[in-house]
Amino acid sequence: CALPILERADKTIRTLDVKYATVNTLTEGPEASLQLIVLLRSCSAFEAFRKMVGASQLQAARVAEFLLLDQEFPRAVGFCLNRALRSINSISGDQAGRQPGQLNNPQRSIGRICADLEYLNIEEVLDQQMHPFLDTLLLRINQVGDEITRTFFNTQVILPGKTRQP
C-alpha cells in the first residue's frame, strides 16, 4: 500500500531537514564529512551513496540530492513517491491512456509532487531554501496520505438497524 511508502519518505525528509541544517553551517573538512556520514547512516544510505555516487562526492549538496531525488535507492524521497504513485495507480485500476480528468485526487496530488521532484534543480533549494522546501514537501505528502484515506478507506460508522445516508 502507498501509506507505508509515504511514511518512509516522510522520515527521510525529517532526517534530512534536521541534519542538513547542521551540516550546511560547517565549512568543508573532517567534521562536515563526519556529519554527512552520520546523515547518510541515519537513513541507512551510506553504503548505497558510496556505491552509486562515490565517496569523493561527499558534499552536502550531493547528499541532499541523493536523499531527495534518487530513483534507485529505496529510502530516497523520489523513489518512495514514485512507488507510492504506482501503488495508487494499481489500486485505482489505472489503465494506459486514462485521461487526467479521470484520475482520482491521490493520483493527481502525488503525480504533481513526483513531477515537481523530477524537474527540481537541487541548486534552487540548497542553503536557506532547504528548510522551507522540505516543510512544504512534508505538508504535501501528508495531504496525499489524507486523500488516500478519504478515497480508499471508509471510516464512517454504520450502526445496526440504521441506513446509510448519502
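Student: Buried means under 20% relative accessible area, exposed means over 50%, and partly exposed lies in between (1.4 Å probe, protein chains only). Which class does R62 belong to?

Tutor: R62 counts as partly exposed, at 25% relative accessibility. This is a predicted model, in which local features need pLDDT of at least 70 and side-chain atom pairs count only at pLDDT 80 or more, while totals for chains, interfaces and linings use all residues. Residues are numbered from 1 along each chain as its sequence is written, and side-chain values use heavy atoms, with hydrogens and water left out.

Student: Which residue forms a salt bridge with R62?

Tutor: The partner is E65, and the closest N and O atoms of the pair are 2.4 Å apart. A salt bridge here is a side-chain nitrogen of Lys or Arg within 4 Å of a carboxyl oxygen of Asp or Glu. E65 is partly exposed, with a relative accessible area of 26%.

Student: Where do E65 and R62 lie?

Tutor: Both are in helix α4 (residues 60-69), three residues apart, which is about one turn of the helix. Helices are DSSP runs of H or I with at least four residues, numbered from the N terminus.

Student: How many salt bridges are there by this rule?

Tutor: The count comes to five. One of them joins the side chains of R50 and E47, at 3.8 Å from N to O. R50 and E47 are three residues apart in helix α3 (residues 46-52), so about one helical turn separates them. R50 is partly exposed at 41% relative accessibility, and E47 is partly exposed at 40%.

Student: And D116, which residue does it form a salt bridge with?

Tutor: D116 pairs with R140, with 2.8 Å between the closest N and O atoms. D116 is in helix α6 (residues 105-118) and R140 in helix α7 (residues 130-152), so this pair ties together parts that are 24 residues apart in sequence. The relative accessible area is 42% for D116, which is partly exposed, and 25% for R140, also partly exposed.

Student: Which residues are linked in a network of salt bridges?

Tutor: D10, K11 and R14 form that network.

Student: Changing topic: which residues are in the largest nonpolar core with the most contacts inside it?

Tutor: They are L40, L67, L68, L81 and I110, in a core of 48 residues. α1 (2-24), α2, α3, α4, α5 (77-91), α6 and α7 each supply at least two residues of this core, and α1 gives the most, with eight. A nonpolar core is a set of buried Ala, Val, Leu, Ile, Met, Phe, Trp, Tyr and Cys residues joined through side-chain atoms within 4.5 Å. In soluble globular proteins, nonpolar side chains tend to be buried together.

Student: What is L81 in contact with, leaving aside its neighbours within four places in sequence?

Tutor: With those neighbours left aside, L81 is in contact (heavy atoms within 4.5 Å) with L6, A9, I110, I113, C114, L117 and I141.

Student: On to the backbone. What is the phi of S44?

Tutor: S44 has a positive phi of about 50 degrees, although S44 is not a glycine. S44 is found in the loop between α2 (30-42) and α3, and counts as partly exposed at 47% relative accessibility.

Student: What about the phi of D127?

Tutor: The phi of D127 is near 60 degrees, a positive value in a residue other than glycine. D127 is placed in the loop between α6 and α7, and is partly exposed with a relative accessible area of 46%.
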